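Dear colleague,

Please find the structure below, handed over for your records. My notes on it come after the coordinates.

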Amino acid sequence: MSEDLMSKKIWIVTQHRDGKLHRMSREAIAAGQQLAQALGASAEAVILGSGIDGLAAEIAGYDLAAVHTADHAALADYTPGGYVSALAPALAAARPDFVVFPHTYQSVDYVPLLAQRVDAGLLPEVTSFENGDDGLVFTRPVLAGKMVSRVRVRGEGTVLLSVQSGAFSADSAATGSAPVAALGLGEVTADREILGVEEVAEDQVDLSKADVIVAVGRGIGGADKMAPARELAELLGAEIGASRPVIDSDWLPRDRQIGSSGQTVAPKLYIAIGISGAIQHLVGMKGSSVVVAINKDPKAPIFNVSDYGIVGDLHEVLPELNAKIRELKQAG
Ligand SMILES: Cc1cc2nc3c(=O)[nH]c(=O)nc-3n(C[C@H](O)[C@H](O)[C@H](O)COP(=O)(O)OP(=O)(O)OC[C@H]3O[C@@H](n4cnc5c(N)ncnc54)[C@H](O)[C@@H]3O)c2cc1C
């Protein structure tokens with residue numbers, strides 16, 4: 001790899017389904033742009049699929065040096081073999097310094113194989129990075145989020161990294177106008193026949209799409225004490241989320257759980273009610289733009305990640321808060 005900083009190159013591999021860009025593709029673009037800026041590198045995006053001109057044009061609306069399309073019938077459906085056979089020769093030829101992927105079930109499925117195929121480093125679930133005097137240091141959770149590791153990449157060659165949901169704000173992705181060009185492809189072979197795709201049960205809630213979340217913790221005190229939190233959610237047009245003890249106690253269904261063993265969310269507003277702020281919960285919600293915490297314990301760790309904190313008994317705070325919001329709504 002050249003030592004010339006300006007020749008450094010970041011690739012961002014986007015993801016899509018049913019003709020729509022995956023929400024995390026924009027987060028990956030934002031991460032790739034920030035990484036490129038930190039390194040004085042150029043950021044280029046890649047999209048794989050069949051008949052993807054429209055999506056490529058959409059990606060070209062971001063501030064990127066190029067958008068590469070891998071358009072091939074064998075890439076119509078995602079298969080690990082198809083994606084690896086398309087990307088491996090392209091990476092070997094272009095030798096980007098870093099390749100950014102959204103951390104999704106899809107990338108977890110094929111990126112390790114790709115890393116092995118092109119002899120690249122692998123850095124999954126990156127939540128942030130900083131470029132200090134000693135170079136780039138990446139942060140990523142380990143042991144189901146119980147600990148955070150800080151990793152410096154040593155040696156040369158391409159590093160494939162995936163960014164965790166909510167870690168980089170999609171809204172921060174800079175817009176621009178990028179040229180679109182076809183990627184040189186070798187033999188592309190789908191290694192599976194996709195017989196169909198089944199959606200998760202319709203009543204499963206996808207909290208990752210919510211703009212506002214009212215999340216309740218053990219402090220709520222029981223399934224029968226949920227009414228004020230539900231009312232707050234209704235007033236704000238929010239989804240209800242929860243910490244794990246709430247789910248384990250059957251106060252709410254499992255698809256409401258947020259955290260390392262639940263959903264990862266990145267709403268504009270997250271209201272944590274009676275939640276202590278254990279690391280397993282924080283990894284699922286720390287991508288939220290604004291966090292409001294209501295807790296009777298002023299030392300609760302949730303206040304360390306909150307923009308606004310209300311110290312008090314939630315059973316007194318919530319009715320007052322709801323009344324105030326109702327009043328403001330009526331006023332206009
Ligand atoms: C492998 C593993 C995976 C896990 N995955 C997850 C996960 O995905 N999501 C998750 O959330 N947890 C997860 N956990 C559990 C996690 O470690 C914590 O136990 C959990 O997050 C705590 O939930 P909580 O904050 O609701 O409860 P607690 O820690 O019991 O906190 C309750 C809070 O409510 C406050 N409170 C009580 N009464 C009131 C009141 N009247 N008014 C105001 N405040 C009040 C208390 O001060 C306290 O801070 C996991 C644990 C492990 C080991």
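Residues are numbered from 1 along each chain as its sequence is written.

The chain averages a pLDDT (the predictor's confidence in each residue, from 0 to 100) of 92, and 96% of the residues score at least 70. Over residues 1–6 the pLDDT is below 50, and this stretch has eight contacts in the model beyond near neighbours in sequence; two residues are in contact if their C-beta atoms, placed from the backbone, lie within 7 Å. Where pLDDT is low, the predicted coordinates should not be read in detail.

The domain assignment, which is automatic or taken from a database, gives domain 1 (5–182) and domain 2 (207–331). Their centres, taken over C-alpha atoms, are separated by 32 Å. Eight residues of domain 1 are in contact with nine residues of domain 2. On the side of domain 1 that touches domain 2, three residues are nonpolar, four polar and one charged (Ala, Val, Leu, Ile, Met, Phe, Trp, Tyr, Cys and Pro count as nonpolar, Asp, Glu, Lys and Arg as charged, and the others, Gly among them, as polar).

The ligand is surrounded by 28 residues, of which the closest are G217, G219, S243, G259 and S276; a residue is near a molecule if its C-beta atom, placed from the backbone, lies within 6 Å of it. This shell divides into eight nonpolar, 15 polar and five charged residues. At least two residues each come from α6 (244–248), α7 (279–285), β16 (290–295) and α8 (314–331), and α7 gives the most, with three. Helices (H or I, at least four residues) and strands (E, at least two) are DSSP runs, numbered from the N terminus.

Helix α1 (residues 23–39) has 17 residues and reaches 25 Å from its first C-alpha to its last. The expected value is 24 Å, that is, 1.5 Å times one less than its number of residues. Of the 17 residues of α1, 13 are buried, so the helix is largely enclosed by the rest of the structure; buried denotes 20 or more other C-beta atoms within 10 Å of a residue's own, with C-beta atoms placed from the backbone. Just after α1, G40 takes a positive phi of about 65°.

I12 lies in strand β1 (residues 9–13) and is buried, with 30 other C-beta atoms within 10 Å. Not counting residues up to four places away in sequence, I12 touches A28, I29, G32, A43, A45, V46 and V100.

Yours sincerely

Methods. Predicted model: local features only at pLDDT ≥ 70, side-chain atom pairs only at ≥ 80, totals over all residues. Buried ≥ 20, exposed ≤ 12 C-beta atoms within 10 Å, placed from the backbone.
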